[in-house]
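Please keep the 3D view open while you read.

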2 protein chains.
Amino acid sequence: MFDFQLSHRDATTGARRGVFVTPHGPVQTPGFMPVGTQGTVKGVTIDQVAATGAHMILGNTYHLALRPGHETVRRLGGLHAMSGWDGPILTDSGGFQVFSLDAINKVTEQQVTFRSHIDGAMIELTPEYSVEIQEALGSDVVMVLDHVVALPAEKEVVVDAMARSIRWAKRCLDAATRDDQARFAIVQGGLDTELRMQCARELSAMDFNGYAVGGLSVGEAPSEMYRITEATTPELPVEKPRYLMGVGRPIDLLESVARGIDLFDCVMPTRNGRNGFGFTDAGPIKLRNAVHREDTRPLEEDCPCIACRHSRGYLRHLFNAKEMLGPILLSIHNLTYYQRVMQGARDAIEQDRFAEYVADKKAGWGEA
Amino acid sequence: MFDFQLSHRDATTGARRGVFVTPHGPVQTPGFMPVGTQGTVKGVTIDQVAATGAHMILGNTYHLALRPGHETVRRLGGLHAMSGWDGPILTDSGGFQVFSLDAINKVTEQQVTFRSHIDGAMIELTPEYSVEIQEALGSDVVMVLDHVVALPAEKEVVVDAMARSIRWAKRCLDAATRDDQARFAIVQGGLDTELRMQCARELSAMDFNGYAVGGLSVGEAPSEMYRITEATTPELPVEKPRYLMGVGRPIDLLESVARGIDLFDCVMPTRNGRNGFGFTDAGPIKLRNAVHREDTRPLEEDCPCIACRHSRGYLRHLFNAKEMLGPILLSIHNLTYYQRVMQGARDAIEQDRFAEYVADKKAGWGEA
């Protein structure tokens, strides 16, 4: 049910071209998942998400369990029926949100305890409960609950969290009951390559459908992230999809694809879009700048998205006038841009010219 | 170029069925225009506006002249090209905005002087300048600058503003230079039927392409608005379109169609949509209410809009979670609802059953 077929491996990099099959359809890899934190990709309708070229979207266990509540989602037909997205959905486990929202949280061997950012209630999240929530949501891919730590951290702290993440991964696997959901483990280990490799090996010995690299993109230098990714992927099963969580900028996606990553998610295209930053092959454009005031050109000449039917001048006006349509259109453009970058990556891998593709993109972006 | 063809008049009411032809296409009447104050219908893409069934949209001279500036709009190709809406557009004159925004304003025979709500700059708006702005915007229908007064007001004040509105209408007509723009006059006269009738007669003697009833829906009782409309329309040329400005609730539209009005505009469908109020044949629904939490029904069973592909429970969640998609979807639903009410009105008029149609709708809405 969760077949992953690698159709081609790039001749000169670690990039892989594949298809990950789920009960709600195939995901072409390498692929980027738009983030639908609360059951919606912010500001974008389901039809518009599909039109960007996205195959799979991400939902957040933490947010949906708190609001509207996973039992409510279940009664509304599950996350697919509720949101109207009938393609593949991956749900994270809540581990990263508990960490990143900086809620008062306490981790024991049994569970993480945290305070709801909505009403302040104390909530206990065990690995088993995280799986139970994700089974109620009905996603295609369930992520294990992991223990994420802020970096940099003492090695002792990183080792402890890594070891716990492995034990929790096993508990998640044991707790899972649905046949129609894939389970992905999450590699932890901070910025220590040895720990990362050890964690990857231990998780690889368990029967997961895919493997994620977690706890990155939390403030470390991109080179550090690439180093860890490069050390981790060789320790993961070749025949399973690999997902780099919460990453990143377009260049981060390509650098990580070159290191063997297949899947990504990030809020950047929508968050930056809401803030007036548009991604283009010539680098990011700040739409609020006065230089765009009477610019009749679209953001990108060859972009098929609905934002690019308009002039930069109009988009600037929408942001200046605080019109919702500005964030809407720019979110759509940025999501489309990310999908186009990934489509280009897939094409390049098939033709064994991925390194050239990355070099071309980096030149356009003004990256060394 | 601005042909108005009345195809049928309802047998028992004053309702008229017609088509108003503009250089950007026909407008079926009676018709409702979504409001695109700042060059966008708030939260709704142009494709989505078209999908609601709207024929003509409205832009605001006051807002667009201040931001991005009408010369900027002109350089971006005019309001059609800039917004991407290639159907008919009507622009108001700025008179109502100066009145309603309660900017510090002073009216003389020559002009109205007001303070920009954006940067506080003092701006002088003459009838001629309002036309110049609207010519730069390139709308299909240009509204004359009128002198709107708050109601209730002393008769002397109302008479003075009415007389000035007539003189300003003439100045607008004299100032207009574009052949591809229709000019609509605006009847003023407060809540005094004699003044309204006099104003309508004087404006009817001038060569306008259409006539609006202005200065209503400013806090007076609906019955007062109906009374004024009923007294005014018989004094207007039968063969010209009639537009009731800034109105209103669905019931106000139908009651006014029965009194001979052809066109409407109002922010209510989008504003109420943004605030979580959905219009339905069973009356308005407040989506935030807890009763909708696990309601799997759409807002309206037979509505073709994209909001009605979702459950009420999901829409409620979006509003509770402050997700942009809530306002987006409910704005689309409400605009679709208004268009469906007007489509129903057009069908009913053609079949000489408009009174029955209004009675049915009112029964559903719980109106006496």
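This is a predicted model: local features need pLDDT of at least 70, side-chain atom pairs count only at pLDDT 80 or more; totals for chains, interfaces and linings use all residues.

**A strand covered on both faces**

Let us begin with strand 7 of chain B, residues 89–92. In a regular strand the side chains alternate between the two faces of the sheet. Which residues of strand 7 lie on each side? B:I89 and B:T91 are on one side, B:L90 and B:D92 are on the other, and all of them are buried. Both faces of this strand are therefore covered, given that buried means under 20% relative accessible area.

Strand 7 of chain B also has parallel partners. Strand 6 of chain B (residues 57–60) is joined to strand 7 by four bridges, and B:I57 stands opposite B:I89. Strand 11 of chain B (residues 141–143) is linked to strand 7 by two bridges, again running parallel. There, B:V142 is the bridge partner of B:T91.

**Backbone angles worth a look**

Most residues other than glycine have a negative phi, and most peptide bonds are trans. The table gathers some exceptions.

| Site | Backbone feature | Value |
|---|---|---|
| A:R67 to A:P68 | cis peptide bond | omega near 10° |
| B:V247 to B:G248 | cis peptide bond | omega about -5° |
| A:S217 | positive phi | about 60° |
| A:K322 | positive phi | near 55° |

Where do you find them in the 3D view? A:P68 sits in the loop between helix 2 (61–66) and helix 3 (70–75) of chain A. B:G248 belongs to the loop that runs between strand 14 (242–244) and helix 10 (250–257) of chain B. For A:S217, look at the loop between strand 12 (210–213) and helix 9 (222–232) of chain A; this serine is partly exposed, with a relative accessible area of 35%. A:K322 is in the loop between helix 12 (312–320) and helix 13 (325–350) of chain A, and is exposed at 74%.

**Two annotated positions**

An unreviewed UniProt entry carries the annotation "binding site" for several residues, including A:S93, A:G95 and A:D146. Is A:S93 buried or exposed? With a relative accessibility of 2%, A:S93 is buried. A:S93 lies in the loop between strand 6 (89–92) and helix 5 (95–100) of chain A. Leaving out residues up to four places away in sequence, its contacts include A:T61, A:Q134 and A:D146.

A:G95 is part of helix 5 of chain A and is buried too, at 7% relative accessibility.

Notes
Residues are numbered from 1 along each chain as its sequence is written. Chains are lettered from A and ligands numbered from 1 in the order in which they are written. Side-chain values use heavy atoms; hydrogens and water are left out. Buried means under 20% relative accessible area, exposed over 50%, partly exposed in between (1.4 Å probe, protein chains only). Two strands pair if DSSP finds at least two bridges between them. UniProt positions are given in the numbering used here, feature names are shortened, and annotations may be inferred rather than shown by experiment. Contact means heavy atoms within 4.5 Å.
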